[in-house]
Amino acid sequence: YDAHKEIIDEGFITSFSNLPSVLSLKVLGMNLMLGDRPGQLLYLMLIAAVSGKEPFGYHLCSNLLHATNVALLFLLLKRLITTETAGLTKRDNRKVLMATAAVTLIFALHPLSAESVAEVSYSSSLLVTFFTLLALLAATFFHPEKKQAALLAGSLGTLYAFAAVTAKESGIAVALLLCLYWYLYRRQES
């Protein structure tokens, strides 16, 4: 799972002359072995800048990103439980149950997608998860009555949602998840 052909043979991510193509989104029209996802290509180019063509750096970063995703998921659920379930009424218990079910589902499906951590070229799944969790975490900090904090949380959430889409096409689901979050927890707000 060292992606020898993608990293060494093709060499796109190991050449900094290709960085403008990634940043300007020109890669969207290119036919590359690693795909045309600018977020993923930028991530892999950053790893290549540090570790070169050696597979160890790519695998280390995949494992670290997976560990970060686990920590972000924990923080998100903890934040949901503490901020959205104060008092634990019957309605609040449903919210906790839904959050718990979501965690259970995520961890239940994890063994099905072990390639995301093991295979270098599947890092887009780790990245889209990372940015999705960040966008949802930012949404929990959005409070319309606090103008500056709301502007910051909204801006970061939007940035993370965009980054999720650049990492993988399924990042578009962030918008749906944010709508679901609003519907479940925030629809009473102005």
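Reader: Which element gives the largest share of the lining of the largest pocket?

Author: Happy to start there: α5 does, with 9 residues. A word on the model first. It is a predicted one, where local features need pLDDT of at least 70 and side-chain atom pairs count only at pLDDT 80 or more, while totals for chains, interfaces and linings use all residues. Residues are numbered from 1 along each chain as its sequence is written, and side-chain values use heavy atoms, with hydrogens and water left out.

Reader: What counts as a pocket, and as a lining residue?

Author: On a 1 Å grid over the protein atoms alone, a pocket is an open set of points where a 1.4 Å probe fits, with protein on both sides within 12 Å along at least five of seven lines; lining residues have an atom within 4 Å of a point. A volume is the space filled by probe spheres set on the points, which are joined across faces, edges and corners. In this model the largest pocket has a volume of about 1,100 Å³. Its lining has 36 residues, with I106, T129, T132, L133 and L177 nearest the centre.

Reader: How many residues of each class are in that lining?

Author: The lining of the largest pocket has 25 nonpolar, 10 polar and 1 charged residues. Ala, Val, Leu, Ile, Met, Phe, Trp, Tyr, Cys and Pro count as nonpolar, Asp, Glu, Lys and Arg as charged, and the others, Gly among them, as polar.

Reader: What is the volume of the second largest pocket?

Author: The second largest pocket holds about 330 Å³ of space. It is lined by 18 residues, and G39, L42, Y43, F131 and A163 are the closest to its centre. Two or more lining residues come from each of α2 (19-23), α3 (38-51), α4, α7 and α8 (147-167). The largest share, 5 residues, is from α3. By class, this lining has 16 nonpolar, 2 polar and no charged residues.

Reader: Which residues have the most contacts inside the largest nonpolar core?

Author: A nonpolar core is a set of buried Ala, Val, Leu, Ile, Met, Phe, Trp, Tyr and Cys residues joined through side-chain atoms within 4.5 Å. Buried means under 20% relative accessible area, exposed over 50%, and partly exposed in between (1.4 Å probe, protein chains only). The largest core here has 44 residues, and F12, I13, L41, L44, Y58 and F131 have the most contacts inside it. Its largest share, 12 residues, comes from α7.

Reader: How many aromatic pairs are there?

Author: The whole structure has 2 aromatic pairs. Rings of Phe, Tyr and Trp (its six-membered ring) pair if their centres lie within 6.5 Å; planes under 30 degrees apart count as stacked, over 60 as edge-to-face and the rest as tilted. The F130 and F131 rings are edge-to-face because their planes stand at 70°, with centres 5.0 Å apart. Both residues, F130 and F131, are buried. Y181 and Y185 form a tilted pair, 5.4 Å centre to centre with 45° between the planes.

Reader: Where is L25, and is it buried or partly exposed?

Author: L25 lies in the loop between α2 and α3. It counts as partly exposed, at 34% relative accessibility. L25 also has a positive phi of about 65°, although it is not a glycine.

Conventions: Helices (H or I, at least four residues) and strands (E, at least two) are DSSP runs, numbered from the N terminus.
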